[in-house]
Amino acid sequence: MAEPGRGILDTSVVIDHDVIDAEALPDESAITAITLAELAAGPHATDDGIERGHRQDRLQWAAATWDPLPFDADAARAYARVFAATKAAGRSTHPRLADLLIAATAVANGLPLYTRNPADFVGLEGLITVVPV
């Protein structure tokens, strides 16, 4: 069960962290290793040199701010439930792999997931609390 004031920030929240009202975020936040991987890939996903620099800055800031929660054996087991719930909701699983791995980490740690993209987690309502920000 979720602990009051604690939560996992989805990659979308980390990306927009500087424009989100702090009151909308948990008192104690964490990110997952999957989010750190997405942020690490970000600079390589653009040909715009200025944007690449912004993405590199964001990656370095996130890495210095949080010690990411690992995708461990508990998260791997939780992923089976997340995958099954996604399929049961009639949603595709393959293009959303990173989102589902982040959700599985939230399930494994019993923490709510704060996101800018709540639609990415439709069907998981019985497994995690998704907090739109």
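**Salt bridges and a helix pair**

User: What does R55 count as, by relative accessibility?
Analyst: R55 counts as partly exposed, at 24% relative accessibility. Buried means under 20% relative accessible area, exposed over 50%, and partly exposed in between (1.4 Å probe, protein chains only). This is a predicted model, where local features need pLDDT of at least 70, side-chain atom pairs count only at pLDDT 80 or more, and totals for chains, interfaces and linings use all residues. Residues are numbered from 1 along each chain as its sequence is written, and side-chain values use heavy atoms, leaving out hydrogens and water.

User: Which side chain does R55 meet in a salt bridge?
Analyst: E51, at 2.9 Å, N to O; a salt bridge is a side-chain nitrogen of Lys or Arg within 4 Å of a carboxyl oxygen of Asp or Glu. Both sit in helix α3 (residues 49-65), four residues apart, so about one helical turn separates them. Helices (H or I, at least four residues) and strands (E, at least two) are DSSP runs, numbered from the N terminus. E51 is partly exposed too, at 27%.

User: How many salt bridges in the count?
Analyst: Four. Among them, E28 and R6 pair at 3.6 Å, N to O. That one links distant parts of the chain, with E28 in strand β2 (residues 28-30) and R6 in strand β1 (residues 6-9), 22 residues apart.

User: Switching topic: at what angle do α4 and α5 pack?
Analyst: Helix α4 (residues 73-88) and helix α5 (residues 97-109) pack at about 120°, axes 8 Å apart. Therefore α4 is oblique to α5. Under 35 degrees is roughly parallel, over 145 roughly antiparallel, 65 to 115 roughly perpendicular, and the rest oblique. Axes are lines fitted to C-alpha atoms, for helices over the stretch in contact, and angles run from 0 to 180 degrees between N-to-C directions.
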